[in-house]
Structures are given as structure tokens and as C-alpha cells.
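Biologist: I would like to learn how to read pockets and helices in a model such as this one. Could we go through a few features together?

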Amino acid sequence: MANLKELSERKELLVGGHRLCPGCAAGIIARQVLLAAKEPVVVVTSTGCLEVATTIFPYSAWKVPWFHNAFENAASTISGIEAAYRSLKRKGKIDKEIRFIAFGGDGGTYDIGLQALSGAVERGHRFLYICYNNQAYMNTGIQRSSATPKGASTTTAPAGTVIPGKIQFRKDLTRIMVAHQIPYAATATAGKWNDLITKVEKALATDGPSFMDILSSCRLGWGHPPEQTLTIGRLAADTCFWPLYEVVAGEYHLTYKPKKKRPVTEWLKTQARFKHLFKPENKGLIDTIQNYVDEQWQKLLKLCGEE
Amino acid sequence: MSGNEAAGEAAIRAGCRYYFGYPITPQNQFTEYMSWRMREAGGTFIQSESEIAAINMVFGASAAGARVMTSSSSPGISLKQEGISYLAGCELPAVIVNMNRAGPGLGDVTPSQSDYFQATRGGGHGDYRTITFGPSSIQELFDLTYLAFDLADKYRNPVLILADGILAQVMEAVKFKKTKKRLPKKPWALTGCKGRKPNFIKSLFLTPGVLETHNWKLAAKYQKIEEREVRYETYYSEDSKFFLVAYGSCARIAKGAVIEGRKEGMRLGLFRPISLWPFPYKALAKLAERGKKFLVVEMNLGQMFDDVKIAIGDKAKISFYGRPGGGIPTPKEILKEVKKR
């Protein structure tokens with residue numbers, strides 16, 4: 001893996017001047033993903049904060065060929081671009097090695113874009129799909145998604161006196177991708193740059209589709225001070241709320257095992273979206289969330305052969 | 001309250017207890033309002049995973065006999081077109097609110113009237129029409145949404161409310177109507193056929209000629225709607241020689257232009273279609289017997305303009321002034337155009 005010194009010498013491909021919020025993890029993630037690429041890349045971004053805030057015409061923060069399509073279409077669009085590239089390569093009209101990266105939020109990936117992503121992965125295009133997962137529809141005003149964790153308050157699953165935020169648990173998209181027999185899938189978080197970059201390098205070196213689900217805190221939607229973005233990202237891994245692992249050709253590997261697994265309340269209390277959970281009447285819900293995290297963690301350890 | 005909230009409240013008071021939606025700017029407050037208000041009213045709110053899912057939830061609930069609605073904005077309405085076509089083909093009632101934003105493509109989140117063609121010409125595939133209302137105030141948005149549910153049930157047809165980003169977001173005082181207690185019976189609905197013959201709801205007709213017959217049946221219904229459901233408003237129609245023709249938000253601005261023009265001594269009036277389909281062709285044609293000049297003002301490149309041409313023909317001089325892509329004309333701008341013609 002490239003060390004910090006090498007990374008610092010690489011050309012920045014997502015530059016400053018964009019209008020993402022201070023403390024937004026999406027920009028940090030996109031920048032790190034692009035830094036990890038050794039070959040030239042073509043990027044497709046679906047609608048979302050990352051797209052809207054980095055490409056306010058005539059400005060663009062992207063120093064790479066960049067294409068946009070609506071929420072549900074990133075995986076289809078990159079499929080078309082990659083197919084065209086392969087065809088040109090086969091005909092000898094292009095000899096350059098180019099990598100293809102699609103970025104989508106959890107709305108465009110977990111929900112409306114899942115069909116397109118499933119199709120692209122099944123067909124086997126060589127591309128990396130990055131889901132920058134801030135666990136709700138932040139761009140349209142913090143509505144719940146199928147990536148929103150149980151108990152979080154959103155504008156369409158508001159915590160009230162009767163219902164304490166979102167009722168359902170979140171979808172496990174990485175496992176859905178694994179079920180496609182995808183050659184490479186991984187989770188990552190904005191707080192662990194070395195883990196993230198290593199995984200992007202592996203993904204881009206994979207001859208076929210690859211997928212990464214990267215936890216991306218949204219200071220507005222999660223409700224935390226902007227300077228805590230990376231700390232919160234790491235805390236997600238340390239509490240096992242967001243375990244870091246990769247699945248290579250169906251084999252699970254844990255890439256980070258916390259020395260001491262911290263209670264999930266330490267993660268929950270950093271964000272306003274979980275504030276209501278700390279009311280005495282919601283104690284049971286915190287226990288449910290802790291049990292769920294423990295259960296998922298145990299299952300993962302088993303899959304990784306870590307027991 | 002905002003237009004987003006007013007239309008939501010109108011639906012609840014009209015007896016709608018099922019709302020299926022998906023966020024899109026500028027109608028996010030609609031979905032947010034329904035997420036708590038529907039539950040409070042004892043109804044069902046579901047945020048779907050896509051616009052396509054939402055309209056097909058509407059399809060299911062409508063077939064089961066429910067008063068049901070969805071809302072979205074232009075790109076989302078495009079995604080719903082297949083479902084709207086199915087609703088029309090199956091003769092199922094539903095109310096769909098479009099808070100029109102500027103296109104084509106991703107366009108912008110700014111208000112526009114660019115979906116007029118899509119709304120008034122069916123929108124999806126197949127030979128069909130949807131009743132379409134173009135409200136121009138929050139009160140009217142409330143009233144027409146409230147009415148839309150009755151008309152949808154009466155004609156077993158989808159009803160579209162074509163508002164825009166201005167009406168979605170602007171706040172005005174709204175006088176509520178009473179909550180409807182009695183809703184029409186729907187003997188055609190799929191409610192379980194124990195003790196009766198099974199009902200069929202379908203839009204697939206493969207036997208030669210049967211689909212044609214079905215289309216003729218729909219055509220007869222559309223004709224009935226055209227005869228009965230035309231709505232419009234005229235402003236200073238008695239002594240005017242020059243008429244502005246505008247609907248929705250644009251009509252309010254045009255009204256401002258009429259007021260200003262009259263202060264300057266101009267004999268200026270306004271014709272405002274409220275039902276965009278059925279379009280008030282006859283009323284406009286009648287007005288053209290007295291009016292000499294008509295200026296159509298729209299927030300698009302000239303869509304309702306076509307209907308005005310159909311209505312007036314060569315009875316009077318017709319011209320167009322429009323602002324596409326999220327542009328909003330001012331009364332001053334409109335008056336300047338009036339003086340040019």
C-alpha cells in the first residue's frame with residue numbers, strides 16, 4: 001500500500017473549492033479513493049450531495065473525466081462507458097489502461113439504484129462502485145433510507161412520542177453484493193484512511209466488478225460538530241457498529257479488529273439523530289441495538305474464521 | 001402553510017388514507033408532512049425506495065378500493081409514467097401531485113411549467129388522458145386537491161395536480177374544508193370475492209378488437225369529462241380588447257400585470273384556465289369573438305400556447321411570451337411585451 005509520503009506526492013484529483021459542508025466525509029472519501037488509483041480513471045457520480053456540491057457549473061472540483069446521471073443510473077451509465085472502452089480496446093483503437101469508478105450515496109445505491117447495480121455486477125463489468133453511505137437521503141433533506149440504522153431520527157421517520165425514529169434495521173448491502181459472487185467487496189470508513197486506500201487499490205486491481213460500502217458521516221443529518229467526522233468514523237469501527245472487512249472471491253477477511261470492543265452507546269451519543277434513545281423510556285431500544293450489533297459481529301467473526 | 005403541506009392536508013380531509021411517496025426537491029415537505037400527519041389521521045404512509053415503487057403502491061391500493069395519492073416533481077413524475085398509464089388503462093382512481101421543476105434532464109430545482117404537454121397529453125404510453133388542474137394559489141391548491149379525489153372516483157381515472165416549485169414552497173393562509181366522512185362505494189374494487197362474482201381489473205386485452213372497444217369506452221368517458229369538468233376564470237373580461245392567457249403561478253404574475261396595466265389606462269384582461277385538461281377551448285373561443293389580441297404567458301417555451309391556438313384559430317391575433325428553465329417573468333416584463341404587440 002502507498003504510504004502517507006507517497007500519497008502526499010500524488011496529484012489531487014478532487015480539489016478544494018467545492019461546496020460540500022465543512023466536516024462532510026463524502027469529500028474526504030472521494031479524494032482518498034482517487035488518490036489510491038494508479039491508472040487514469042473515469043468517474044460517474046449519481047445525483048446526491050457529492051455530485052451537486054462538487055459540480056456547480058461552470059465549476060468542477062473533479063480533475064478526471066466525469067459524468068453524471070440521475071439517482072438510479074450510475075451503475076448502468078458506467079456499464080455503458082466500460083463496455084465502450086472494452087470495445088475500443090478490442091479493436092485496437094485504445095491501448096491505455098483505464099479504471100472506472102462510480103460514486104453513489106446510499107439512496108442511489110441501496111434503494112432506487114439497486115437494480116442497476118445488481119445488473120452491472122452480474123454482467124461483470126470491470127468497475128469499482130463506491131457507496132458513500134451517510135445512512136439517509138441527505139441531499140433532499142435527511143429522509144430515511146434502507147441504510148438508515150434502527151432508531152435514527154430522520155425527517156420521514158421522525159422520533160416522536162409514539163415511534164422512536166426508524167423502526168427497521170438497515171439493509172446489509174455488502175452481503176447482497178457478495179451474493180452476486182462479486183470478486184471483491186469491502187466496507188470502509190472515513191476515519192481509517194489506510195484501510196480505505198488499501199481496499200481501493202485491491203478493488204481497482206480486480207479484474208471484474210468490485211464494490212465498497214464506505215460509512216460517510218453527515219454532520220448535518222447525523223448532528224455532530226464538523227471536527228468530529230473522522231473520530232466518529234473510527235468509533236463506528238471500534239464499537240463494531242460498522243465492522244471493517246473485505247470479501248475476496250467469497251472469502252471473508254476482517255481488516256480491523258478493535259482491541260477492546262466498545263459499547264454502542266459511545267457511538268450513539270456522539271450524534272443528535274440518536275439523542276431520543278437516551279430517554280429512560282427508550283432504554284430497551286438501546287439494548288436491542290446493542291444486541292443486534294453483537295449478533296452481527298459474532299456472525300461476521302464466524303464468517304472470517306476469527307472465532 | 002406551504003403548498004406542499006396544504007395539498008397533503010387537503011388529501012387527508014378528502015378521505016385519502018394512503019400516501020406513497022419518495023423525496024425529490026421541491027416537494028420534500030410533502031413527503032415529510034405526510035410521514036407524521038397520515039399516521040395521526042390513522043392512515044398509511046410509506047416512503048418507497050423509488051418513484052416507480054410509489055406509483056405502483058398507488059396502483060395496488062387503488063385496485064383495492066382505497067383513496068390514495070402520491071406526489072413528486074418532474075423527473076420523478078417521468079419515472080411514474082408507466083404506472084399512470086396502467087392506472088388509466090385499468091380505470092383506477094388516484095391523485096398525483098406534480099410540483100413542476102425545470103427540465104429537461106436533471107434541469108434545476110427551480111419552478112417551471114415545462115410539464116404541461118406531459119400532463120395534458122396523457123404522459124405515458126397509450127391513448128389516454130388524465131384530468132389536470134393548474135392551481136394558482138395555496139388555497140386553490142388545497143381546494144383542487146380536495147376535489148380531485150371525488151373526480152378520480154367519479155370517473156375512475158387518475159387526476160393530476162400540476163403545481164410548481166413556487167406553489168410548493170410559498171406559504172399562505174388556507175381555509176380548510178371539512179373532513180369527508182362518507183366516501184363513494186366501489187363495487188368494482190378487489191376486496192375478496194366471497195359471496196359475489198370475482199372482479200377483474202386489467203389493461204391487457206389480447207382478443208382482436210377487444211382493446212379497440214376498451215379504447216372507445218375510454219374515449220366516451222373522456223368526452224364526458226370534457227363536457228362537464230372544464231374550469232377557468234376570467235378577469236376584466238367585460239371591456240378588455242387585449243387578453244393575457246396564463247395558468248398556475250404564471251397567472252398570478254399576469255394578474256399583477258393586468259392591475260398595473262389598468263392603472264396606465266390599458267384595457268387589459270386575463271383568461272386563466274384552471275382545468276388544463278379538459279382545456280376550456282369553448283370559453284376561450286367565445287372570448288376571442290370580443291378580444292382582439294391574446295398574449296399567452298408561460299414559464300416554458302410555449303406549451304399551453306398550442307391549446308390556445310386550437311381554441312382561437314384565426315379569430316384573433318395570438319402571440320407568446322415565455323421564460324423556460326426556471327425563469328420567472330415579472331409583471332413589468334409582461335407589460336413591456338403587451339406594449340410591443
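Modeller: Bear in mind that this is a predicted model. Let us begin with the largest pocket, which is lined by 34 residues, with B:Pro75, B:Arg101, B:Gly105, B:Leu106 and B:Gly107 lying nearest its centre.

Biologist: How is such a space found, and what is the volume of the largest pocket?

Modeller: Rolling a probe the size of a water molecule over the atoms shows where empty space is left. Here the largest pocket has a volume of about 690 Å³.

Biologist: Which element gives the most to the lining of the largest pocket, and how do its residues divide by class?

Modeller: Helix 4 of chain B gives the most, with five residues, while helix 3 (49-54) and strand 2 (66-69) of chain A each supply at least two. By class, the lining has 14 nonpolar, 14 polar and six charged residues.

Biologist: What about the second largest pocket, and which residues are closest to its centre?

Modeller: The second largest pocket holds about 490 Å³ of space. Of the 20 residues that line it, A:Thr156, A:Ala157, A:Ile163, B:Ser35 and B:Arg39 are the closest to its centre, and the largest share of the lining, four residues, comes from helix 2 of chain B.

Biologist: Turning to helices, how should I read helix 7 of chain B, and where is its kink centred?

Modeller: An α-helix has 3.6 residues a turn, so residues three or four places apart point the same way. Helix 7 of chain B, residues 138-155, reaches 25 Å from its first C-alpha to its last, close to the 26 Å expected, although there is a kink of about 25° centred on B:Ala148.

Biologist: Why is helix 7 of chain B described as largely enclosed?

Modeller: Because 13 of its 18 residues are buried, helix 7 of chain B is largely enclosed by the rest of the structure.

Key: Residues are numbered from 1 along each chain as its sequence is written. Chains are lettered from A and ligands numbered from 1 in the order in which they are written. This is a predicted model: local features need pLDDT of at least 70, side-chain atom pairs count only at pLDDT 80 or more; totals for chains, interfaces and linings use all residues. Side-chain values use heavy atoms; hydrogens and water are left out. The expected span of a helix is 1.5 Å times one less than its number of residues. The bend at a residue is the angle between axes fitted to the seven residues ending there and the seven starting there. Buried means under 20% relative accessible area, exposed over 50%, partly exposed in between (1.4 Å probe, protein chains only). On a 1 Å grid over the protein atoms alone, a cavity is a set of points where a 1.4 Å probe fits but cannot get out, and a pocket is an open set with protein on both sides within 12 Å along at least five of seven lines; lining residues have an atom within 4 Å of a point. Grid points are joined across faces, edges and corners, and a volume is the space filled by probe spheres set on the points. Ala, Val, Leu, Ile, Met, Phe, Trp, Tyr, Cys and Pro count as nonpolar, Asp, Glu, Lys and Arg as charged, and the others, Gly among them, as polar.
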